[in-house]
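Please read the points below with the structure open beside you.

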Amino acid sequence: MSRLVVVSNRVAPIEPGKAPSGGLAVGVLDALRQSGGIWLGWNGDVSNEEVPPGKNETHDNITYHTFALNKRDYDQYYRGFANATLWPVFHYRVDLSRYSREEYDGYRRVNAAMAERLKPLLKPDDIIWVHDYHLIPFAEACQMIGIRNRIGFFLHTPFPAPEILTAIPPHNELLKTLCFYDVVGFQTETDKLAFQDYITREVRGVLESDGSLTAYGHNFRAEVYPIGTVPDDIIKQAESYRARRNFISRSIEGVPYKTIVSVDRLDYSKGLVERFCAYEKLLERFPEHRKRVQFVQIAPTSRSDVKTYQHIRQQLESQAGHINGRFSELDWTPIRYLNKSYDRRTVMGLFRSADIGLVTPLRDGMNLVAKEYVAAQDPEDPGVLVLSRFAGAARELNSALIVNPYDVVGMAEALDRAISMPLQERKDRYEDMMRIIRKNDLASWRDKFLKDLRAVKARPVANLRAVGATGA
């Protein structure tokens, strides 16, 4: 079997005996171990050296090739174009996006440098799997230096509608580079259709009869691969906390709280401000829930050196203080806002203990927290998932209570319904969602993508020369 080469923005080598964290790591590690392979990416460090050296570590038949970024590349590639331009636009927040030609040049430069780092590590029959918005131009950079291996790309974020995407000044040049991949994967059908719409309308590409696309002289496939979880692992982790069932629970006068839980990275795309408003509206409109419900929000700091993220942290701290000041009693605090991270086992135990999982992003590629919350539940007494319609997971988990995060009253009403939902309805909804979660698990996502990528025929030299042509 040909080796697998994974390329992602960040790589954290997995220490022997230590479980990986995060969907990407869990999803690709088994495939890497089976075939042997390489994982290449940034190690998270910022160096004073102009060209920081790479470092190789090998564990379990996997070579981790990692490197630091210099300060200019960190500012232009990572903090700049990737996270100040692409991230907000891909999450439909054009108002928060900024564009700089220097940052875009830095983004392209880092992609080219990563391709150069990869080239001497490759064998002719390796297949390359590239991940996420940081690395859209990577396939083009590879082909420019003579790498002809089969190469696929998976986007973990949403893909915006063409009218939104064109807010990025070099959108045409950027999307041209995406056409250099053999397989382009998306989380949902909506994302795929938005991409097809852009290719056929903006660059006069062709949607072929077999479902493939032709643009810029290159034929490639765009498909949907919804990322999943490993439900049995989540169940084991959640059950290990069974003896601590009440580790977040309290009661007043013998009546236990209903607990609402949310776990998110601190990011404006997660709808945290709107969620806090909805919880305040619940306590305002349904006073019978006061002293009978608690809300636990875990939101670890994200990109703390970016002003937009500093602002949302200040907003949430202020809002949490406002809600507690308005509704707290001597024996009850309505909201517990924790701006810190917890290990995965603790989070799964938290999910199992919670009566309601509140997952309400303003826009999200998939949002695995929704699937993890459901998988962690006790089948005999499951909680209720309240889920934003703008999370990719809503396309699959339609037995959740689906809400619009821009409607805070509607979210408050959904929370009221979730708090009061009878056991049999909770069980029916849980069983429906678990069937889907097991069907579309992490192994299915990985295996389907790699099967499609391995089925790609070797790219002929003539086609390589044609890729740089302008137009479809």
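1. A polar contact is a pair of N or O atoms within 3.5 Å; within protein, one atom must be able to donate a hydrogen and the other to accept it, and residues adjacent in sequence count only if both atoms are side-chain atoms. By this rule, one residue pair is in polar contact across the interface of domain 1 and domain 2, with both residues at pLDDT 80 or more. The pLDDT value is quoted here because this is a predicted model. The count of salt bridges between domain 1 and domain 2 is zero.

2. Domain 1 is made of two segments, 2-226 and 442-453, while domain 2 covers 230-438. Their C-alpha centres lie 31 Å apart.

3. How many residues of each domain are in contact with the other? The contact involves 22 residues of domain 1 and 19 residues of domain 2. The size of an interface is often given as the accessible area lost when the parts come together. Between domain 1 and domain 2 the buried area is about 1,600 Å², and carbon and sulfur atoms give 58% of it. On the side of domain 1, the residues that lose the most area to domain 2 are Arg79, Trp87 and His91, which together account for 26% of what that side buries.

4. Which helices supply at least two residues each to the side of domain 1 that touches domain 2? They are helix H1 (23-35) and helix H2 (71-90). The largest share of this side comes from H2, with seven residues. Sorted by class, the side of domain 1 that touches domain 2 holds twelve nonpolar, eight polar and two charged residues.

5. The strands deserve a separate comment. Ten strands form an open sheet with mixed pairing, in the order E3-E4-E2-E1-E5-E6-E7-E10-E9-E8. Strand E3 (54-59) and strand E8 (206-207) each have a single partner strand, so they stand at the edges and one side of each is left without a neighbour in the sheet.

6. Both senses of pairing can be illustrated. Strand E1 (residues 4-10) runs parallel to strand E2 (residues 37-47), with five bridges, and Val7 stands opposite Leu40 in E2. E2 also pairs in the parallel sense with strand E4 (residues 62-70), over eight bridges; here Gly37 stands opposite Ile62 in E4. By contrast, E8 and strand E9 (residues 213-215) pair in the antiparallel sense over two bridges, and Val206 stands opposite Thr214 in E9.

How values were computed. Residues are numbered from 1 along each chain as its sequence is written. This is a predicted model: local features need pLDDT of at least 70, side-chain atom pairs count only at pLDDT 80 or more; totals for chains, interfaces and linings use all residues. Side-chain values use heavy atoms; hydrogens and water are left out. Domain bounds come from an automatic or database domain assignment. Contact means heavy atoms within 4.5 Å. Buried area is the accessible area (1.4 Å probe) that two parts lose on being put together, summed over both. A salt bridge is a side-chain nitrogen of Lys or Arg within 4 Å of a carboxyl oxygen of Asp or Glu. Helices (H or I, at least four residues) and strands (E, at least two) are DSSP runs, numbered from the N terminus. Ala, Val, Leu, Ile, Met, Phe, Trp, Tyr, Cys and Pro count as nonpolar, Asp, Glu, Lys and Arg as charged, and the others, Gly among them, as polar. Two strands pair if DSSP finds at least two bridges between them.
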